[in-house]
Amino acid sequence: MRSSLLVTTYNWPQALHAVLASVRRQTVLPDEVVIADDGSGADTRELLLEEARDFPVALRHVWQEDRGFRAASSRNRALAASRGDTVVMIDGDMVLHPDFIADHLALSQPRCFLQGGRIQATQALTRRLLDGATPRFHPFIDADFNAQHGDERRHAIRNLAWARKKAASANAGSTVMSCNLSAWRDDLVAANGFDERMEGYGSEDLELDLRLRNAGLRRQRLKFAGLAIHLAHCSRAPTDPEDLTMPNNRILRETADTHATRCVLGMDRYAAEYATPPPDLRMLSRSAAPAPTASVR
């Protein structure tokens, strides 16, 4: 089973460096890493070319023009460019446990997708990790265990047996975040990826989750495995993310009302563009690199 790790990023190369350092430490490496770049500047491209010099797996950079927060289309491009049988999605501010990929693969099952969590780092721990510290995972890590959408202290323990029991539970939880999510690529293709009508912060991951479940897939909670530390930073979340007057939430309500399983404006838009995968940056890192792959619409 081949796996693709998709990493979203936007103008924070220091965090991306820490994330890629944690990818290098994986006990089971993904077959490729695809950077879903929502319009970062040249410093991110330069970082990736430097990382690629000795990166252990294929490293691909999928870039789009910066026209505001467009996570849906950024991830769709990366999905179209990926070739793994299973796809693991994280954000570019998630520093991974060494068994992160191994856990997602070990717990993956047909007709299911996995929703993991995140340990919310304090500002102090974030500074240390950005300065190159190796992350440690334990219940007394320097983290905010009371933060919204963050893991509880007990979930900082890795125990694969407990994780299997939790995943088999009927309680799928209510939190959905594409910062730690894995699914079979065929299921994502059938859903046509993320709905690109959803621009601006919020709900694009909730809407994809709903379409996958409308199609009969089961969401499984990933706890005690697939651990990752979320670096602290200012949030772009609106005051009330559930405000039904927001356009993205109206689309989410539409999906619920119509029981949709596939979006119209999705990843198939890029099928022709990425019929051949983007170049492996390892092949370009010692020569002058071309501009990142992009479609200007």
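Colleague: Why is strand E3 (residues 58-63) described as largely enclosed by the rest of the structure?

Modeller: In this predicted model, a residue is called buried when its relative accessible area is under 20%. Five of the six residues of E3 are buried, so the strand is described as largely enclosed by the rest of the structure.

Colleague: What makes E3 an edge strand, and where does it stand in the sheet?

Modeller: The order of this open sheet of seven strands is E3-E2-E1-E4-E8-E6-E9, and its pairing is mixed. E3 and strand E9 (218-221) stand at the edges with a single partner strand each, so one side of each has no neighbour in the sheet. Between neighbouring strands of this sheet the average turn is 20°, direction ignored.

Colleague: How do you know that strand E2 (residues 32-37) and E3 are paired?

Modeller: Pairing requires at least two bridges between two strands, and E2 and E3 have six bridges, in the parallel sense. Asp-37 stands opposite Trp-63 in E3. Strand E1 (residues 3-9) and strand E4 (residues 86-91) also pair in the parallel sense, over six bridges, and there Ser-3 has Thr-86 in E4 as its bridge partner.

Colleague: Which strands does helix H2 (residues 42-52) touch where it packs on the sheet?

Modeller: H2 touches E1, E2 and E3, and its direction makes about 170° with that of E3.

Colleague: Why are helix H1 (residues 13-24) and H2 called roughly parallel?

Modeller: The angle at which H1 and H2 pack is about 25°, and their axes are 10 Å apart. Angles under 35 degrees count as roughly parallel, and H1 and H2 are therefore placed in that class. Their crossing is right-handed.

Colleague: Which residues of H1 and H2 meet, and how many of them are nonpolar?

Modeller: From H1, Pro-13, Leu-16, His-17, Leu-20 and Arg-24 meet Asp-43, Thr-44, Leu-47, Leu-48 and Glu-51 of H2. By class, this contact of H1 with H2 has five nonpolar, two polar and three charged residues.

Colleague: What makes helix H4 (residues 100-107) largely enclosed?

Modeller: Seven of the eight residues of H4 are buried, so the helix is largely enclosed by the rest of the structure. The buried residues in H4 are Phe-100, Ile-101, Ala-102, Asp-103, His-104, Leu-105 and Leu-107.

Colleague: Why are H4 and helix H6 (residues 160-168) called oblique to each other?

Modeller: H4 and H6 pack at an angle of about 45°, and their axes lie 11 Å apart. The roughly parallel class needs an angle under 35 degrees, and the roughly perpendicular class runs from 65 to 115; H4 and H6 are therefore oblique to each other. In passing H6, H4 makes a right-handed crossing. Asp-103, Ala-106 and Leu-107 in H4 meet Leu-160, Ala-163 and Arg-164 in H6, and by class the contact has four nonpolar, no polar and two charged residues.

Colleague: How do you know which are the edge strands in the sheet of three strands?

Modeller: The three strands form an open sheet in the order E5-E10-E7 with mixed pairing, and strand E5 (94-96) and strand E7 (119-120) are its edge strands, each pairing on one side only. E5 and strand E10 (residues 228-230) have three bridges, in the antiparallel sense, where the cut-off for pairing is at least two. Met-94 has His-230 in E10 as its bridge partner.

Notes. Residues are numbered from 1 along each chain as its sequence is written. This is a predicted model: local features need pLDDT of at least 70, side-chain atom pairs count only at pLDDT 80 or more; totals for chains, interfaces and linings use all residues. Side-chain values use heavy atoms; hydrogens and water are left out. Buried means under 20% relative accessible area, exposed over 50%, partly exposed in between (1.4 Å probe, protein chains only). Helices (H or I, at least four residues) and strands (E, at least two) are DSSP runs, numbered from the N terminus. Axes are lines fitted to C-alpha atoms, for helices over the stretch in contact, and angles run from 0 to 180 degrees between N-to-C directions. Angles under 35 degrees count as roughly parallel, over 145 as roughly antiparallel, 65 to 115 as roughly perpendicular and the rest as oblique. A crossing is left-handed if the near helix is turned anticlockwise from the far one by less than a right angle, and right-handed if clockwise. Contact means heavy atoms within 4.5 Å. Ala, Val, Leu, Ile, Met, Phe, Trp, Tyr, Cys and Pro count as nonpolar, Asp, Glu, Lys and Arg as charged, and the others, Gly among them, as polar.
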